[in-house]
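Biologist: I have a new model open and would like to learn how to read it. Could you walk me through it, step by step?

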Amino acid sequence: LFAVLVALYEEPEKPDSALDFLKHHLGVSAPENPEIEALHLEVAEMKEKYEAVLEENKKLKTKVKVY
C-alpha cells in the first residue's frame, strides 16, 4: 500500500480520482464503464448466436448424413 501511495505522490499528471488510482494499482477491478457494460452485453448476445449456429450446424449435419 505504501508503494502505491508513493507512486501516486510521484505521478507527474495527477489522476482525477486517487481512489481509482489505488484500486487500479492494487489490482481491484475498476467500476464498470457504460461502454464496457455495452460490450459485455454484446459479447453475451454473440455467444447466444454462436450457440444457436452450432445447434443449427449439428442439425444440418445429421440431415446430410440421412441423405
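Modeller: Gladly! Let's begin with a definition: helices here are DSSP runs of H or I with at least four residues, strands are runs of E with at least two, and both are numbered from the N terminus. Keep in mind too that this is a predicted model.

Biologist: With that in hand, how many helices and strands does the protein have?

Modeller: The count comes to 3 helices and 0 strands. Read from the N terminus, the order of elements is α-α-α.

Biologist: Which domains is the protein divided into?

Modeller: Domain 1 covers 1–29 and domain 2 covers 30–66. Their C-alpha centres are 38 Å apart.

Biologist: What does UniProt list for residues 36–63?

Modeller: An unreviewed UniProt entry lists them as "coiled-coil region". In the model, that stretch is 100% helix and 0% strand, with 41 Å between its end C-alpha atoms.

Biologist: Now the surface. What share of the residues is buried?

Modeller: Buried means under 20% relative accessible area, and exposed means over 50%. By that reading, buried residues make up 6% of the 67 in this protein. The protein exposes about 6,500 Å², and carbon and sulfur atoms supply 61% of that area.

Biologist: Let me try His 24: is its side buried or exposed?

Modeller: His 24 has a relative accessible area of 61%, so it counts as exposed. You will find His 24 in helix α2. Its C-alpha atom is 16 Å from that of Ile 36, a residue 12 positions away along the chain.

Biologist: And which residues make a nonpolar surface patch?

Modeller: Leu 1, Leu 5, Leu 26 and Val 28 make one of about 380 Å². Of these, Leu 26 belongs to helix α2, residues 18–26. Leu 26 is partly exposed because its relative accessibility is 47%.

Definitions and conventions. Residues are numbered from 1 along each chain as its sequence is written. This is a predicted model: local features need pLDDT of at least 70, side-chain atom pairs count only at pLDDT 80 or more; totals for chains, interfaces and linings use all residues. Side-chain values use heavy atoms; hydrogens and water are left out. Patches are made of residues with over 30% relative accessible area and no salt bridge: like charges are joined within 9 Å, nonpolar side chains (Val, Leu, Ile, Met, Phe, Trp, Tyr) within 5 Å. Accessible areas come from the Shrake-Rupley method with a 1.4 Å probe; for residues, only the protein chains shown count as cover. A salt bridge is a side-chain nitrogen of Lys or Arg within 4 Å of a carboxyl oxygen of Asp or Glu. Buried means under 20% relative accessible area, exposed over 50%, partly exposed in between (1.4 Å probe, protein chains only). Domain bounds come from an automatic or database domain assignment. UniProt positions are given in the numbering used here, feature names are shortened, and annotations may be inferred rather than shown by experiment.
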